[in-house]
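Here is a friendly walk through a structure that may be new to you. Take a moment to look it over before reading on.

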Amino acid sequence: MRVFQFDLCSFLILTLVIISLFLRKLYNGKMHRMFLAFVLLIYANTIADIFSSAPLPLSESTLENVREISTFCYFILHASIMPLYTIFIGTAAGTWTGYMTKNKANRFIFCLPYVINLGFVLSNPWTHWIFRIEDGTYKRGELILVTYLAAAFYILHTIYYLVRYRGALDKRRIMAFLSIYPYSLCALVIQYLNSRYLVEMFAYTVAILTLLMFIIRPEETMNSAVGAKTSMAFTADIQRIYLSGRDNNVQIIKLNSDGSLIKLYGINKHDRIIRELVSRIHAAIKNGGGRVSDYNVYYLNYGLLAVIIGKKNASEQRAQELYEALSSKIRTDNIDISVECALCDLNIPDDMATAEDLLDFIDTFEKSNVGAGVFVYSKLTRQEKIQMNFDIDRYIRKAIKNKSFSMYYQPIYCVKENRFVTAEALIRLSDDEVGFISPAVFIPAAEKSGAIYEIGDFVINSVFSFVGKAEQYGVKYIEINISAMQCMNDSFAQDILDKLSEYGVSEKSVNFELTESASAIIDDVLSKTVSKLHNVGIEFSIDDYGTGYSNLHRLMSEPIKLIKIDRSLICELSNEKTRAVLADTIRMIKSIGMEIVAEGVETAETADWLIEKGCDYIQGFYYAKPMPESEYIEFLKNSV
Ligand code: C2E
Ligand code: CA
Ligand code: CA
């Protein structure tokens, strides 16, 4: 009697595995489908093995037939195990299609042992080379070695493949994939020494459990809340694409209003919105014509989605359709939500040489201030790329290295003294390739990348070494823009104090501008920095007043001397309502004892109106544009 109980255990375990794979919908995606196919193959093989060996209540002649047929099926199925396993590893590595289609010889070599093995098995009813059933029991045939040799070939082939495409899989995965071989080897040795023990299928079952633990980890690859693949899966897939050298198209989708969506609707509803967008992406791709199966949708980060699609199915039109599908209103709980998005369409590896370049690019794209629309990467000009913040980090690094920053000064007119008692220091970046880059573009990027600290140091050093000279021409102080990020740095206040004494500058000679949005940040270090500097006598202004949400009540609790009204309000003075609001704002600010600077003043009329309403300082092109140090000194000389 053969010991078939191991097969029964396998049968039970595999039944559960198959049910769980279906319940967890683990049949989407090529790798999961291959795994499912492998599990089903082992399952069928186990059933055949049970029928070929278990005691069955049948008449002797029927039993003989059942044994014959099920053993035959067993060997047919068995011939596919190792080749299928190699294909499974290849799809998990993402390099299989490339490997098979690139070279005809590869295909031939891969198929040959399988075909030979199968040929022997199929001829068995006549030749009995592989097995025979004698008196109801199984006996090995003379050429059974062929099946072992075929299996050995596929094991060696897999090892060769893994070495060739090392880098496509991490160590953990490689170990898990290879673990099947020692298991099955043990089983073969046991079965060889004592053919009564049917343990081979059990060994494969253990291998399947190992794969389930280490390879099939949906939580790593699927974000079930939104129904898209994770950013981890994206990085892995991108690396594989570059490794296999296949042409693909990547679409990066940035939801410009994502921050507000989360704030307004909360994280759960936000997830539902993303889920809806993901299903729209699927629908748009499927409606776009052609049978498209080789694509994946990823949720990379809040507000960032990606689609990878085979090059032959990608087109600018498809990108446009995708964009339109995402931009139409979403209805949830009877509210229509509009999602504004920017879609960037890239061909890899044509547009980005390496996986790292692509991932870096996605980072900058995420941080960029691009508006809504479709951007085809290969069609963007260099200036456009800069405008959109693409590549901006590279230009910032270059400017820091080549010291291509400079400081400009924009004189500010003091109404009471009827002269230019101060100026705002504004940084300029002139790049030798692309020319002038606006601080409105590179400062926000530098804040995100951390380069703001070095830039801030440059600003402080330049202004501190210049302010003494300006004072000789009656300038009282210089306004310096400080980013909230700088203030959030613990050592910032002390650095400033050190620099004041290093350059011999009085704390009265500078004034720091913090934007309204920065002042709204509730941060311990930031407020400590502000009060520490204020305590030694440095005054602060609130910049861009009227663009954020701060109220005067909150500002009153801060050590602030000046409020700068934003240009966007000033340039709308022709509007009667704006005028009324502005007049009230000026009155309120004055009533709590703060001084007012109006910025962006371009005409005499505006200046007159603001002066009449009680503004203390006026800044704008009407008086002067920002200018380099030497010009500013000339300006001061001429204006006394
Ligand atoms: P901001 O602090 O609001 O600076 C005023 C901006 O308005 C400057 O732009 C200035 O050139 C411009 N401006 C002044 N008067 C007029 C006018 O009459 N009409 C018009 N159309 N524009 C006028 P700029 O120099 O491009 O700076 C943009 C922003 O970049 C600044 O806005 C500030 O937030 C930031 N920034 C500039 N320099 C520095 C710096 O040294 N450090 C930091 N952290 N930020 C800076
Ligand atoms: Ca400013
Ligand atoms: Ca401003």
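What follows visits a metal site and then a tryptophan.

This is a predicted model, in which local features need pLDDT of at least 70, side-chain atom pairs count only at pLDDT 80 or more, and totals for chains, interfaces and linings use all residues. Residues are numbered from 1 along each chain as its sequence is written, chains are lettered from A and ligands numbered from 1 in the order in which they are written, and side-chain values use heavy atoms, with hydrogens and water left out.

Let's begin with the calcium ion (ligand 3). Asp-543 (OD), Asp-544 (OD), Glu-599 (OE) and Glu-599 (OE) coordinate it at 2.0 to 2.8 Å. Donors here are N, O and S atoms within 2.8 Å of the metal (3.2 Å for Na, K and Ca); water is not among the atoms, so sites may look incomplete. Along the chain, the donors of this ion follow the spacing D-D-x54-E. Asp-543 lies in strand 17 (residues 539-545) and Glu-599 in the loop between strand 19 (595-598) and helix 26 (604-613), so the pair ties together parts that are 56 residues apart in sequence. Helices (H or I, at least four residues) and strands (E, at least two) are DSSP runs, numbered from the N terminus.

Asp-543 also coordinates the calcium ion (ligand 2), which is 3.9 Å from the calcium ion (ligand 3). Are these two residues buried or exposed: Asp-543 and Glu-599? Asp-543 counts as buried at 6% relative accessibility, and Glu-599 counts as buried at 10%. Buried means under 20% relative accessible area, exposed over 50%, and partly exposed in between (1.4 Å probe, protein chains only).

Now turn to Trp-129, in the loop between helix 5 (104-127) and strand 1 (131-134). At 34% relative accessibility, Trp-129 is partly exposed. Beyond its neighbours within four places in sequence, Trp-129 is in contact (heavy atoms within 4.5 Å) with residues including Phe-120, Gly-141 and Leu-143.
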